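Subject: Structure for your files

Hello,

Please find the structure below. Some notes on what was found in it follow.

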Amino acid sequence: MKKTVLILGAGPAGLAAAYKLLNESKDYKVIILEKQKEIGGLCKTIDFKQNKLDYGVHFYRISEYKEVNDIIYNLIPIEDNISIQLTKQEKDRYVKKNQNQENSDNIMLIKEATSNIYFDNKFYEYPIKINLDTIKKMGIINLIAIAFSYLKVLIFKKKETNLENYYINRYGKKFYSMFFLDYTKKVCGVDPKDIDIDWGKQRIRDTSLISIVKEKIFKSKKVNNEPSLIKEYYYPKYGCGQTYEKLVDKIIKLGGIILTNSYVKDIIIKDNKITKVNYFENKELKELEVDYLINSIALKDFVSLIRDDTASKSLVSEIQRLPFRDLILVNIILTKKDMLKLSSFQEIKENSWVFIQNPDVKFGRIKIANNWSNYMLKDKGSEQVLLTLEYCCDSKDPINKMTNDKLINQVKKELKLLKLYPKSGIKDYKITKVKNAYPAYYGVYSNRQSFINYLNKYKQIYFVGRNGQHQYIDMDKAMYTGLCASKEILNKTNNKKRVWL
Ligand SMILES: Cc1cc2nc3c(=O)[nH]c(=O)nc-3n(C[C@H](O)[C@H](O)[C@H](O)COP(=O)(O)OP(=O)(O)OC[C@H]3O[C@@H](n4cnc5c(N)ncnc54)[C@H](O)[C@@H]3O)c2cc1C
């Protein structure tokens with residue numbers, strides 16, 4: 001008799017877990033419940049009037065987890081093209097000989113990670129280049145201030161009690177306040193002084209001002225794969241979600257069941273064991289007996305589904321207060337010939353994305369979709385420019401309550417401030433609101449370890465992915481946690497510690 005594994009959420013984590021179980025054993029019946037009508041979670045690609053839209057900036061790089069690379073680049077191999085970052089081994093393993101975007105639809109393009117950062121009404125190449133242009137824009141006084149404030153922290157290290165000190169220890173106060181402070185505030189919604197250093201560990205890892213300088217001078221390879229400093233990324237010809245569509249095909253071929261528009265009503269637990277799961281499949285209430293449950297939905301939502309007389313009310317109520325940031329994506333289509341007349345656009349037109357520090361502009365990042373894959377645009381980018389603007393906010397933020405018309409008016413104003421608004425205006429737009437896009441690292445986050453210890457009492461339940469673990473992680477790590485959970489089930493080892501990051 002097959003054991004039943006129920007997976008909540010068809011994002012990268014849930015799909016990776018399902019794939020591993022089904023690919024390595026015939027002993028499991030795997031059912032995925034996905035609340036949305038599409039699969040892929042935050043990594044999906046959606047259609048908009050024959051254009052393709054991702055959920056903002058979503059690129060692939062070579063992961064530190066080989067098992068994840070093997071899945072991703074076997075689903076969609078990398079094109080046979082010039083690469084500045086792939087090792088010979090990686091080329092042998094993940095590049096498809098003689099295949100490129102012209103002769104294959106199932107291919108990852110190799111893209112140079114060009115980006116800018118907008119600060120003090122100027123665009124700077126990012127990571128900051130040490131060249132004449134930077135010196136001219138920044139001014140010699142600022143440069144000296146950067147050098148001195150960096151030297152200061154080399155001598156007087158700050159106690160790493162919060163994210164601000166974490167950044168300052170690596171970049172010095174001046175550089176931090178110019179290039180990190182306002183963007184971080186936009187994403188997190190609070191001052192970095194009030195954010196746990198774990199956020200910095202996920203986002204900038206062990207990079208520092210000196211590592212940027214070393215990188216420039218010695219062309220060191222070490223920092224190449226840091227998320228904030230990558231030089232090249234890989235991108236499916238038809239958008240980030242193409243990978244997960246292919247993964248779903250495999251899962252279904254292996255006998256997996258994926259129910260979209262479906263979600264759990266409640267999970268009945270007695271003596272820490274799941275007795276029954278009630279769920280809605282397309283609005284119809286059904287019930288299921290499960291042997292294992294792999295959860296990738298937000299922890300705060302998950303604990304609300306549990307019916308367990310022995311549950312700790314105080315811990316559950318704390319978990320329900322885990323903070324998240326929402327995301328509003330404003331995708332706009334503009335006329336290319338008019339954009340090219342704008343000197344600001346001339347500066348950034350080759351970029352993949354641009355960080356916006358200025359606090360007057362509420363969006364934090366612009367993605368220029370044309371530079372990821374021409375195939376994202378209906379006209380292959382010949383006449384149109386497709387920009388995605390990322391606004392991070394809380395559910396109660398006024399911007400979250402704006403009508404589309406009001407929001408587009410705000411967008412116009414902000415684009416004008418950046419001198420990125422063409423005379424012909426916005427030709428078309430699509431607004432997508434994403435709940436729980438960023439697990440936040442303040443408030444009750446500091447008690448995360450006690451939540452983990454508590455949740456581990458449910459032996460059949462594994463917690464995976466970004467929101468399922470409340471960790472600011474990229475898709476490769478999310479997939480890795482899914483693979484780890486399935487490994488514990490397959491090996492019958494049930495070691496929860498190996499699954500939590
Ligand atoms: C703006 C932005 C840019 C990013 N850029 C990158 C990048 O460049 N590279 C990178 O590697 N990563 C990037 N990430 C991170 C990446 O999106 C996540 O790491 C990844 O999506 C996490 O996968 P997941 O499966 O854990 O969660 P998700 O992708 O969030 O999937 C969870 C799934 O659960 C479903 N769900 C939620 N509630 C329920 C419920 N009650 N019942 C059933 N289903 C439910 C959701 O609909 C969703 O499909 C970015 C994230 C954001 C927000």
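At what angle do helix 2 and helix 11 pack, and how far apart are their axes? In this predicted model, where local features need pLDDT of at least 70, side-chain atom pairs count only at pLDDT 80 or more, while totals for chains, interfaces and linings use all residues. Residues are numbered from 1 along each chain as its sequence is written, and side-chain values use heavy atoms, with hydrogens and water left out.

The angle between helix 2 (residues 66-75) and helix 11 (residues 242-253) is about 95 degrees, and their axes are 9 Å apart. That makes helix 2 roughly perpendicular (65 to 115 degrees) to helix 11. Ile-71, Ile-72 and Leu-75 of helix 2 make the contact (heavy atoms within 4.5 Å) with Thr-243, Lys-246, Leu-247 and Lys-250 of helix 11.

The whole structure has 28 salt bridges, each a side-chain nitrogen of Lys or Arg within 4 Å of a carboxyl oxygen of Asp or Glu. One of them joins Lys-367 to Asp-54, with the closest N and O atoms 3.3 Å apart. Lys-367 is in strand 17 (residues 365-368) and Asp-54 in strand 4 (residues 51-54), so the pair ties together parts 313 residues apart in sequence. Both Lys-367 and Asp-54 are buried, meaning under 20% relative accessible area (1.4 Å probe, protein chains only).

Another salt bridge pairs Arg-307 with Asp-266 (3.8 Å, N to O).

Regards

Technical notes
Axes fitted to C-alpha atoms, helices over the stretch in contact; angles between N-to-C directions. Helix = DSSP H or I, 4+ residues; strand = E, 2+ residues; numbered from the N terminus. Parallel < 35°, antiparallel > 145°, perpendicular 65-115°, else oblique. Buried < 20%, exposed > 50% of the residue type's maximum accessible area, 1.4 Å probe, protein only.
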